[in-house]
Amino acid sequence: MRTQAEILHLAPDIVLLDEGISRLEQTLLREAGCARLPAMLQLAWGLRQRDTRRALDLADEAEMLLPHSPWQASLHTHGKMRLLLLRAEAFWLYANMDAAQALLEQCQQLLTQHHEAAIYCDALILQSRMSADRGDTAQEDAMLKAAAACAPDPWRALVVQGLASYAALLHDARSALAHWGPQISEPGPEAHPLEVLTHCDFLAASAWMHGDFGRSAMLHMRAHQAALQCGMLRRALFIAGNIGDSFCCLNDHHAALQWMQHGLEMARRSNWPLCIGVCLTQTAQVMRHLGRRDSAARMLDEAMHVLQPFTGSRNQSITLEYLADLALENGEYQVALEHFHQLYEQAAALEQADFFASAWRGQAHALCELGDGPGALAAAQTALELARRQHDGARQIEVLQVLAHIHHQHPDLPHPAQWEHASPPAQTPAQDPELYLLEQAIAIGKAIQGYTIAGDLLDQAANAYARLGDYAQAYQLAREANLAREKTHSQQATNRAIALQIRQHTEQTQAEGEYHRQLAQAEAQRALSLQQMTATLAHLSQIGQEITAHRERHSVFTALNRHVHQMLDVSSFAIYLLHEDGLWLERAFGIEAGCALPAGRIACNNPHALSARALREQSEILDDRNPEDEDSVIPGTRASLCALFAPLCAAGQALGVMTVQSLQRHAYGERERLIFRSLCAYGAIALANANAYDQLQHTHTRLAAQEKLGSLGGLVAGVAHELNTPLGNALIMSSALLQRNGQIQDLLDRQQLRLSELQLWVEEADEGAAVILRGLRQAAQLVGSFKQVALDRTTEQLRDFELQQTLHEILATVMNRLRPDGHELLLEIDAGIMLHSYPGPLGQVITHLIDNALRHGFDGRRNGRMRLCAQQSGRRVRLSFEDNGAGIAPPHLKQVFDPFFTTRMGQGCTGLGLSICHNIVHQLLGGAIGIVSQQGKGVIVTLDLPLCAPGAQQGAAGHGQD
């Protein structure tokens, strides 16, 4: 019965790396029927973002197989929950949020009845992502806290940490860095991809917020590659856009467009609305910086349409911000002001600080153009304070440019030095507020590593110097502006932008129609395929379960016959097995029109028999006959018009041939041949298993008998050795007394016998008789013990016996094997423990444990120590056998009771000893046996036995019924 392994299959890792996906694909190709289910569930989970459509197809197939699997009902529920969660994530990716929420709620309802920690944690993570996409940051935080509290493994904890730290960074960068910064460091080159993704994504976002765009891009590139390895394509798409955004902030629009194009192509292939919308938004931003406002406007309009299901989310807010900036550049100041007001409201709902600075900056610019100088100044001051608080250099530059523009448009406003409470730089004329602000912006840009100061900022400063009459400085700044503009608006970047614009229009017009056409066609084909596949898979899974469960040929034949008739048009079905001489095919099973076919045989070299040809060529043969053909009809059978033959092969060995025949022409097309091929594969494996099982049973019986005889032979040898000492002593003493008696008789005949010599003879005779008597008594005792132990071993007699006495008798037969190497065996048996059981089989178990210690534990060692203890507790007795030998290696410990398992195969060991002990203890004595060991520290074997064996209890019950 499967338990732990299946649970692990049903609760897969939160991510699967590429090599894991490859292994599962190979497993899926090797397995058939319900055996595919564990790999299928894991593979579907691993492909949920790599290939969402295929993941859903695998989920459908798994759902059909699940009711036919041999798993327990609780495991079926676990599988159902995993599939619900997978489909919910797919609906979320395709922006069907209501359907995703409904499936997630179904999964959570099942979780209340059948809790599974991994699935519960995954459900919370998915709920947090859906909440974020809906702009519900409070629920997002709550779900992430709950997921962190229940994460059942370090990988899920790492995923939750990454999501929570990133969300915290968006809320309040300074607090997030104080809390998460000490826990997150840049991972090394050998780190797991999930760790690389989680840590680098956080560090990259932090670097971006602090204006370190070069470091942000490098860290994001590592995170992007790691996300692809983990199969987290949604995250990889967003990170690709962030990389492009970093290059855009560095004014390297050529590199930015490369990454934006890469992300947009990936998003189009995935067909996930949110990802497409985000990539369109970020690409539009680069287009705007390159001056291609029309293209940017079209992309942003499409993005807003695609992102409608995510209104109020961070991603939709970014699109709104870029639309507002575009409206400013197009002179639509009232529209821009409305957009920035809306952005501020969404920022307040999201509680994400970076939007506040943008919203105030944009309002300041729009109010300035609309003539509200004081309102513009107040909004810009607020934006500058927020950008400085976040250490965001790029936003500070943007706000300072807006402030300079405000002072240029409204020269009556207070000088910035007054409201900044600072003195203007010495090199900047204090009387010019515009130049004062622009110099600050230029200084910040120069301090950002890898940042290219925008040409419009340098032009703005050059114009300010020119108005003040400093033409040399103005000329120098104008030259720098031209160089910057050439760098940021290279011809290569412009050409790429034009090409991308054309591709965008072409794809947009063609993709929608093509997508809907392909979708309708694919859905129709998928529905038809699923309908056909349902019946096929159901039958094949039943066959796989039923056939592999049988260990007898006839049961295999019967199962095959039933399912062949269910799935194919069959008038005749037969199985031929190869004779052991390899010369004949013998019909082992045959049914025609519901009647059994007679036994028969076909020579393997028969040139006309298609069954023999299929065996010889090891290939499938389809024979469509004409109704007039009679020459190929087997006598006594009906004429068929279509026949299919295939060899039965398992592990490269030919077992026979299986054939189905129909009264209809062309009855077996490609689908039917595929089914027949599968049935042949099942049948071959089942027959090979049946043959192997028969051989195993025969071998097991033979070796068990040999083991038992060997044990009895060891008993005889031990007793013979023990008898040598007392009988030898008696023989020597008898010979000495006989010789001394002759000497006394000689003295008596010569009348020279003195009284002192007679008295000495009497004393010697008494001592000799005592020695002889003691030796004979010891021999008699050994013989008695031997007779009882031998009788017990050969008859398995159920009787009352005293445990201490019986174990003493058993151990007396093995002492000769201990003495040569100085081994010691201590007995600590409580007296008076009475059992009504089988002393012979118990003795066989104890003898084998001692033999096992000598062979394996003390191999090549001397002066080993063994201890046999027994204590009674209630109606049970606990025996413990210990040795201080070599112990058992951990990998072998789980296999010691398996039949034929031995570490000394081919060295006189069969691997059946402990298996026989296990069977005797469990089946005959009604107890349990266990073993613990540490390598190099010996072995402890425990027997937990009832005082009254089960056979005795059944006998008593039977007598009562009589």
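Is leucine 755 buried or exposed? Leucine 755 counts as exposed, because its relative accessibility is 59% and the cut-off for that class is over 50%. The structure discussed here is a predicted model. Leucine 755 lies in helix H30, which covers residues 755–795. Together with Leu758 and Val762, Leu755 forms a nonpolar patch on the surface. The accessible area of these residues together is about 260 Å².

## The chain as a whole

The chain holds 36 helices and 14 strands. Of its 962 residues, 49% are buried. The accessible surface comes to about 45,100 Å², and carbon and sulfur atoms account for 53% of that surface. Among contacts with a separation of 6 or more, 65% are between residues 24 or more positions apart.

Helix H19 runs over residues 353–369 and has 17 residues. From its first C-alpha to its last, H19 reaches 26 Å, close to the expected 24 Å. H19 is mostly covered, with 14 of its 17 residues buried. Just after H19, glycine 371 takes a positive phi of about 95°.

Helix H21 covers residues 393–409. Its 17 residues should span 24 Å at 1.5 Å a residue, and the end C-alpha atoms are 24 Å apart, so the two values agree. H21 is also mostly covered: 13 of its 17 residues are buried.

## Aromatic pairs

A pair of aromatic rings is described by the distance of the centres and the angle of the planes. In the whole structure, a search finds four aromatic pairs. One of them joins tyrosine 344 and tryptophan 360 in an edge-to-face arrangement, with 5.3 Å from centre to centre and 65° between the planes. This pair links distant parts of the chain, with tyrosine 344 in helix H18 (residues 333–350) and tryptophan 360 in helix H19, 16 residues apart. Tyrosine 344 counts as partly exposed because its relative accessibility is 30%. Tryptophan 360 is likewise partly exposed, at 24%.

Phenylalanine 557 and phenylalanine 589 form a tilted pair, with 5.7 Å from centre to centre and 35° between the planes. Phenylalanine 557 lies in helix H27 (residues 553–567) and phenylalanine 589 in strand E2 (residues 584–592), so the pair ties together parts that are 32 residues apart in sequence. Phenylalanine 557 counts as buried at 5% relative accessibility, and phenylalanine 589 counts as buried at 12%.

Tyr344 and Trp360 also belong to one aromatic cluster with Phe356.

## Salt bridges

Side chains of opposite charge can pair when their charged atoms come close. The count for this structure comes to 32 salt bridges.

| Glutamate 89 | Arginine 48 | 3.1 Å |

The salt bridge between glutamate 89 and arginine 48 links distant parts of the chain, 41 residues apart. Glutamate 89 is in helix H5 (residues 73–93), while arginine 48 is in the loop between helix H3 (37–46) and helix H4 (52–65). Glutamate 89 counts as buried, at 8% relative accessibility. Arginine 48 is buried too, with a relative accessible area of 12%.

Arginine 867 sits in strand E11 (residues 865–873) and glutamate 882 in strand E12 (residues 876–883), 15 residues apart. Arginine 867 is partly exposed at 25%, as is glutamate 882 at 23%.

Aspartate 944 lies in strand E14 (residues 939–946) and arginine 876 in strand E12, so the pair ties together parts that are 68 residues apart in sequence. Aspartate 944 is partly exposed, with a relative accessible area of 28%, and arginine 876 is partly exposed at 33%.

Salt bridges that share partners also join Arg82, Asp122, Asp153 and Arg156 into one network. Within this group, aspartate 122 has its place in helix H7 (residues 117–133). Aspartate 122 counts as buried because its relative accessibility is 3%, where the cut-off is under 20%. Leaving out residues up to four places away in sequence, aspartate 122 touches Ile14, Trp45, Arg82, Leu85 and Arg156.

Methods: Residues are numbered from 1 along each chain as its sequence is written. This is a predicted model: local features need pLDDT of at least 70, side-chain atom pairs count only at pLDDT 80 or more; totals for chains, interfaces and linings use all residues. Side-chain values use heavy atoms; hydrogens and water are left out. Patches are made of residues with over 30% relative accessible area and no salt bridge: like charges are joined within 9 Å, nonpolar side chains (Val, Leu, Ile, Met, Phe, Trp, Tyr) within 5 Å. Accessible areas come from the Shrake-Rupley method with a 1.4 Å probe; for residues, only the protein chains shown count as cover. A salt bridge is a side-chain nitrogen of Lys or Arg within 4 Å of a carboxyl oxygen of Asp or Glu. Helices (H or I, at least four residues) and strands (E, at least two) are DSSP runs, numbered from the N terminus. Buried means under 20% relative accessible area, exposed over 50%, partly exposed in between (1.4 Å probe, protein chains only). The expected span of a helix is 1.5 Å times one less than its number of residues. Contact means heavy atoms within 4.5 Å. Rings of Phe, Tyr and Trp (its six-membered ring) pair if their centres lie within 6.5 Å; planes under 30 degrees apart count as stacked, over 60 as edge-to-face and the rest as tilted.
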